[in-house]
Amino acid sequence: MTPPTSGTDRASVLRNKSYWSTFLIGLAVMAGVDEIVFHQVLAWHHFYDNATLQIGLLSDGLLHAAELVALVAGFFLLADARRRNSFSPITAWAGFFIGLGAFQLWDGIIDHKVLRLHQVRYDVEILPYDLAWNAFGLALLTAGILLTAVALRRHRTGG
Amino acid sequence: MDGHKGHGQITLDPGMLLLIPLGLAALLYLGAALSENRRGNRTWPAHRSLLWLLGLAVIAATLAGHLAERAHTDFAAHMAAHLLAGMLAPLLLALSAPITLALRTIHVESARRLSHLLNSRLARFLTHPIPAAALNVGSLWVLYTTPLSQAMLANPILHYLLLAHFFAAGYLFTVSIVSIDPAPHRASFRLRMTVLILVVAAHSILAKYIYIHPPPGTSPLDAERSGLLMYYGGDLIEIALIIAFFTQWYTATKPQHPAPSRPLR
């Protein structure tokens, strides 16, 4: 068997259903953690605060709908990858962490700061909370990128 | 006391009267399922009969009983009735495949007429995802952003008419997305998924809108309770709809095995 070129290697990992299915699950899981821990349990986030922009409500509704569909679609894509024997655990974990980090950073930067949907917490000095929120998101995203690199290398060496 | 309403005379609540057609619908479906099973060569799945009965029970809960009484005056109870009659009942009933059962059990001449009706241009238009979604979302926005919601709470007949309308619109939308029953010219998975996302989005945006802007005649506290109920209650039912949708995708995209022959059924 001739070794494939590195270009198709990358494509085959990034186009893998394991990658995208867990990416969707990662997005939705982080959104779920946000909803359950910060909205419901801690009640730090508000369902709505008066600083929310109109466009924020629109984007929030679309994102919320996309999350619900992503959660279900992710699991079905994962099942599809398994029945087609194209499931790869390391690729799946890479996609999952990219999804977690992408949601956390989107929420921390776009939702909280640009669209001002709500803040991390109220009646406190907000800066440390925002920094911690986004640093956590960045760490998750970095983990996802590292795992993607590992998946690419394993694929290349046939491991 | 009014002389015409003496003791022993039962006052008929229109909601109670509406339970009669529901009971008939249950009997009709079960009778059809039984006759289908008795024919021997095919069996009608028991879970479909159960879904049909559950769907009718959900409608019944919006017509009679504690919730139905409160729905005439309390906006949050009305919202619960809307979720049940306009979203949950249509999903349960659509998954029970009543048209398929009807086509199998009614007389062949009537079955032909029914399938002509389902093939008609109007039926195809109404069960296409885009018009069905527009009807569904459009009616909700009109109801909750105009004085219609206030009129509905004041007038019981209007309340029932609107429930019927929401059920019909909800049913058309549900079958446009997940149809077990025969659906000629069904839209692609991609289009159906796009419409599904947009409708879920519109629903959650409207829930927040109600939370922020109480409909005419509704107190801010009632509006907040109703908005939250619509948002989170709607999510639960929508997740069930999304799961049903992807289950159909999963079945339809089953990989074709190169096996030479499959056992005939």
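The structure is a predicted model, in which local features need pLDDT of at least 70 and side-chain atom pairs count only at pLDDT 80 or more, while totals for chains, interfaces and linings use all residues. Residues are numbered from 1 along each chain as its sequence is written, and chains are lettered from A and ligands numbered from 1 in the order in which they are written.

The pLDDT, which is the predictor's confidence in each residue, from 0 to 100, averages 83 in chain A, where 89% of the residues score at least 70.

Over residues 1–7 of chain A, pLDDT stays under 50.

Two residues are in contact if their C-beta atoms, placed from the backbone, lie within 7 Å, and the contact between the chains takes 18 residues from chain A and 22 residues from chain B. On the side of chain B that touches chain A, the elements giving two or more residues are α12 (189–212) and α13 (220–252) of chain B, and α12(B) provides the largest share, 11 residues.

Within chain B, Tyr29(B), Ala32(B), Ala33(B), Ser35(B) and Glu36(B) in α2(B) meet Pro98(B), Leu101(B), Ala102(B), Arg104(B) and Thr105(B) in α6(B).

Definitions and conventions
Helix = DSSP H or I, 4+ residues; strand = E, 2+ residues; numbered from the N terminus.
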